[in-house]
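Start with the residues and move on to the aromatic rings.

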Amino acid sequence: MIKLLATGVWICVVALASVYVSVQVTNTKEVVEPDPAMFGGLETIRGEVTSIPVISSGAVQGYFLTRLSYTVDPLKTEKLSVPVNELITDALYTALVGEPVIDFPDMERFDLEAFKTHIRTTLNERVGEELFHDVIVEQIDFLSKEDIRSNVQQGRSLKNNPTIEREAPPPAAEAQSH
């Protein structure tokens with residue numbers, strides 16, 4: 001009888017000890033490494049094609065075309081009172097027209113990384129905190145006035161741009177009936 005009672009007490013002590021140890025092990029805090037910046041947590045906003053006139057010597061020399069995308073914190077963009085695309089367009093015009101960062105006649109010295117950094121910095125300064133984490137370039141083009149004129153003269157603008165309305169062809173002569 002004493003052996004049976006001692007065995008019961010032993011089983012209870014072992015069960016309680018194992019429960020205590022398992023609770024202590026599961027309560028330890030895991031060290032979670034943060035995800036790298038390009039994985040999770042950020043959202044990409046695709047910007048619109050922006051056409052900025054290049055004015056030099058008092059005349060339009062051509063147009064700078066760009067399409068940029070931006071990685072942003074989606075939780076912070078929800079709190080903005082101004083729509084993100086309008087904010088981006090305004091900051092892009094301000095950065096490229098108000099503070100010229102590109103020397104258009106001398107495009108060989110164009111520094112893409114400095115351009116992206118300048119755009120990101122301008123946007124973040126405008127918001128007042130780091131909302132924009134990266135600028136992704138989808139398209140950058142420069143069309144001079146001569147390029148535009150030659151495209152129009154050759155009819156390329158009408159053939160390649162379906163949004164431009166073409167003149168209706170003259171009405172065909174009605175077939176005569178016999």
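This is a predicted model: local features need pLDDT of at least 70, side-chain atom pairs count only at pLDDT 80 or more; totals for chains, interfaces and linings use all residues.

Residues are numbered from 1 along each chain as its sequence is written, and side-chain values use heavy atoms, with hydrogens and water left out.

Begin with Thr66. Thr66 sits in strand β3, residues 59–72 (strands are DSSP runs of E, at least two residues, and helices runs of H or I, at least four, numbered from the N terminus). Thr66 is buried at a relative accessible area of 1% (buried is under 20%, exposed over 50%, partly exposed in between, with a 1.4 Å probe and protein chains only). Its contacts, meaning heavy atoms within 4.5 Å, include Glu48, Val49, Thr50 and Leu92, not counting residues up to four places away in sequence. The side chain of Thr66 also reaches the backbone oxygen of Gln139 at 3.0 Å.

Now the rings. The structure holds 2 aromatic pairs (ring centres of Phe, Tyr or Trp, its six-membered ring, within 6.5 Å; planes under 30 degrees apart are stacked, over 60 edge-to-face, the rest tilted). Phe64 and Phe115 are edge-to-face, 6.2 Å centre to centre with 80° between the planes. This pair joins strand β3 to helix α4 (residues 112–127), 51 residues apart. Phe64 is buried at 1%, and Phe115 is buried at 3%.

Tyr70 and Phe132 are edge-to-face too, at 5.9 Å and 80°. They link strand β3 to strand β4 (residues 132–144), 62 residues apart. Both Tyr70 and Phe132 are buried.

Methods. A polar contact is a pair of N or O atoms within 3.5 Å; within protein, one must be able to donate a hydrogen and the other to accept it, and residues adjacent in sequence count only if both atoms are side-chain atoms.
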